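Hi there,

Here is the structure I promised to pass on to you. Have a look at it first, and then read my notes below.

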Amino acid sequence: MVANGQYLKSCTAPTTLFTQETRAGGTITINDELPYTYQTYDTAVGFGVKVSRCTAT
């Protein structure tokens, strides 16, 4: 997975923006300038990523 951006390990009151999944061996590219968090997860045929925007504190 190629992921670019300002990632935060955790944040307050995250808002889910989107999820995306791909097959094993595939890639998911993320490029966003806003602070956000991401979480990867396994699927039956590969993996996915959940991207959430953080609420400013």
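Gly26 is partly exposed, with a relative accessible area of 23%; that label covers values between buried (under 20%) and exposed (over 50%), found with a 1.4 Å probe and counting protein chains only. You will find Gly26 in the loop between E2 and E3. Its C-alpha atom is separated by 7.8 Å from that of Gly46, a residue 20 places apart from Gly26 along the chain.

A word on where this comes from: it is a predicted model, in which local features need pLDDT of at least 70 and side-chain atom pairs count only at pLDDT 80 or more, while totals for chains, interfaces and linings use all residues. Residues are numbered from 1 along each chain as its sequence is written, and side-chain values use heavy atoms, leaving out hydrogens and water.

Now the overall plan. The protein has zero helices and four strands, so the elements run β-β-β-β from the N terminus on; helices (H or I, at least four residues) and strands (E, at least two) are DSSP runs, numbered from the N terminus. Of the 57 residues, 19% are buried.

Which residues form the largest nonpolar core? There are six: Ile28, Ile30, Tyr36, Phe47, Val49 and Val51. Such a core is a set of buried Ala, Val, Leu, Ile, Met, Phe, Trp, Tyr and Cys residues joined through side-chain atoms within 4.5 Å. Strand E3 (29–42) and strand E4 (46–53) are the elements that give two or more residues to this core, and E4 supplies the largest share, three residues. As a general point, nonpolar side chains tend to be buried together in soluble globular proteins.

One of the residues to look for here is Thr19, whose bridge partner in E4 is Lys50.

Ser52 is in strand E4 too. Is Ser52 buried or exposed? It is buried, because its relative accessible area is 8%. Leaving aside residues up to four places away in sequence, Ser52 touches Pro14, Thr15, Thr16, Leu17, Tyr36 and Thr37, where a contact means heavy atoms within 4.5 Å.

Enjoy exploring!

Best wishes

Technical notes:
Two strands pair if DSSP finds at least two bridges between them.
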